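Colleague: Could you take me through one spot in this model, slowly, and then show me how its surroundings connect to the rest? I would like to follow along residue by residue.

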Amino acid sequence: MLPRLLRVALLGLAMSMPAHASTLADFDFTGNVSEAHYKAVISELRCLVCQNESLAGSQAELAQDLREEVYKMMDAGKTDDEIVDFLVARYGDFVLYDPPLKPSTWLLWFGPFVLAALALLVMGYTVRKRSRGVEQGLTAAERARVASLLSEGTENRKS
Amino acid sequence: MKRPLLLIPAIVFTVMVVLLAVGLNLNPREVPSPLIGKPVPGFELSRLKDPQATLGSADLTGRVSLFNVWATWCVSCRAEHKLLMALAETGEVDIYGLNYKDDRDAALRWLQVYGDPYVANAFDDDGRVGIDWGVYGTPETFVIDGEGVIRHKVIGPLSADIVNERILPLVRQLNSRG
């Protein structure tokens with residue numbers, strides 16, 4: 001019997017093997033379609049079922065079907081843009097990991113920069129206000145009070 | 001208020017809470033369909049019950065109808081089935097079905113056991129027509145107007161609320177329009 005630790009380690013190794021390793025082997029990359037190009041295209045597309053996975057990584061059945069569609073289209077000589085358009089026409093911009101710039105995505109693209117600009121403005125305002133406060137220094141009345149307090153202190157210490 | 005700037009963190013906090021609350025209540029599974037407002041995708045498939053006959057886009061034009069994507073392996077399809085039956089009984093709208101990546105015998109048994117709310121079903125064996133309809137999670141239900149234009153899409157199982165508040169009012173509105 002294997003030691004417990006070894007068995008756990010083997011189980012871990014088995015589970016970490018990519019489950020989709022076999023599916024790319026289903027396709028024939030000796031013809032029109034280059035494997036690297038195909039992989040690049042399906043990695044840029046998002047699976048609708050497991051939403052945090054790309055078409056390349058997902059084992060959902062729809063992802064398998066769409067991988068096959070993409071392969072067929074590439075094999076038929078379609079350009080990357082045509083393939084992306086095909087998917088966007090059916091599933092929307094959601095399938096793109098790199099969403100296009102248009103009014104409905106302005107917030108997505110520019111939001112962070114607007115926030116950063118706002119933060120800079122607030123920071124600039126605060127810093128300027130603080131430094132101005134230091135420059136102004138003390139008023140005449142305050143100076144007199146400081147002087148009297150200081151002299152008071154020395155007198156007390158002497159006595 | 002003497003120092004209005006002190007209000008800024010409170011305002012930022014409130015805005016964040018509102019945005020996060022809205023975000024949490026959105027359903028990330030509901031991806032808006034680009035097909036809404038467009039004519040139904042062209043297709044022609046064999047019918048589930050009568051494989052010799054076909055069902056296609058032409059059958060979905062002419063009158064307001066629902067197009068329901070389902071399968072026997074889809075658990076939530078079972079959940080919405082009663083509602084489809086009830087809806088079919090009212091006779092308010094024709095329900096067509098797309099039997100998606102299913103087994104023909106299993107699907108026929110399902111309709112026999114649980115009842116058949118459909119006018120007819122298209123049998124989409126390999127899911128190719130499903131892709132053209134942008135199907136990604138069964139069940140899905142499309143509302144199609146008399147001109148064969150997709151007006152609405154429900155992703156996931158129908159509920160009584162969805163039927164009464166979204167589907168039926170839309171069907172009546174489309175019917176009254178012409």
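Where in chain B is the place of B:Lys101, and between which two elements does that loop lie?

Modeller: Happy to. Please keep in mind that this is a predicted model, in which local features need pLDDT of at least 70 and side-chain atom pairs count only at pLDDT 80 or more, while totals for chains, interfaces and linings use all residues. Residues are numbered from 1 along each chain as its sequence is written, with chains lettered from A and ligands numbered from 1 in the order in which they are written.

B:Lys101 sits in the loop between β4 (94–100) and α3 (104–114) of chain B; helices (H or I, at least four residues) and strands (E, at least two) are DSSP runs, numbered from the N terminus. Its phi is positive, about 45°, although B:Lys101 is not a glycine. B:Lys101 counts as buried because it has 21 C-beta neighbours inside 10 Å. For that label, 20 or more other C-beta atoms must lie within 10 Å of a residue's own, whereas 12 or fewer make it exposed and anything in between partly exposed, with C-beta atoms placed from the backbone.

Strand β3 (residues 65–70) runs antiparallel to β6(B) and is joined to it by 5 bridges (strands pair if DSSP finds at least two bridges between them). B:Leu66, for instance, has B:Val143 as its bridge partner in β6(B). Another 5 bridges link β6(B) to β7 (residues 150–155) of chain B, again antiparallel, and here B:Phe142 is partnered by B:Lys153. β6(B) and β7(B) form a hairpin with 5 residues between them, and B:Gly148 in the turn has a positive phi of about 80°.

β6(B) itself is mostly covered, with 5 of its 5 residues buried. B:Glu140, B:Phe142 and B:Ile144 point one way, and B:Thr141 and B:Val143 the other. In the loop leading from α4 (128–132) to β6 (140–144) of chain B you will find B:Pro139, and the peptide bond from B:Thr138 to B:Pro139 is cis, with omega near -10°.

B:Ile144 then takes us to chain A. With A:Leu48 and A:Leu55, B:Ile144 has the most contacts inside the largest nonpolar core, which has 55 residues. Such a core is a set of buried Ala, Val, Leu, Ile, Met, Phe, Trp, Tyr and Cys residues joined through C-beta atoms within 7 Å. α4(A) supplies the largest share of this core, 6 residues. Beyond its neighbours within four places in sequence, A:Leu48 is in contact (C-beta atoms, placed from the backbone, within 7 Å) with several residues, including A:Leu62, A:Tyr91, B:Val31 and B:Tyr136.

Note on methods: Contact = placed C-beta atoms within 7 Å.
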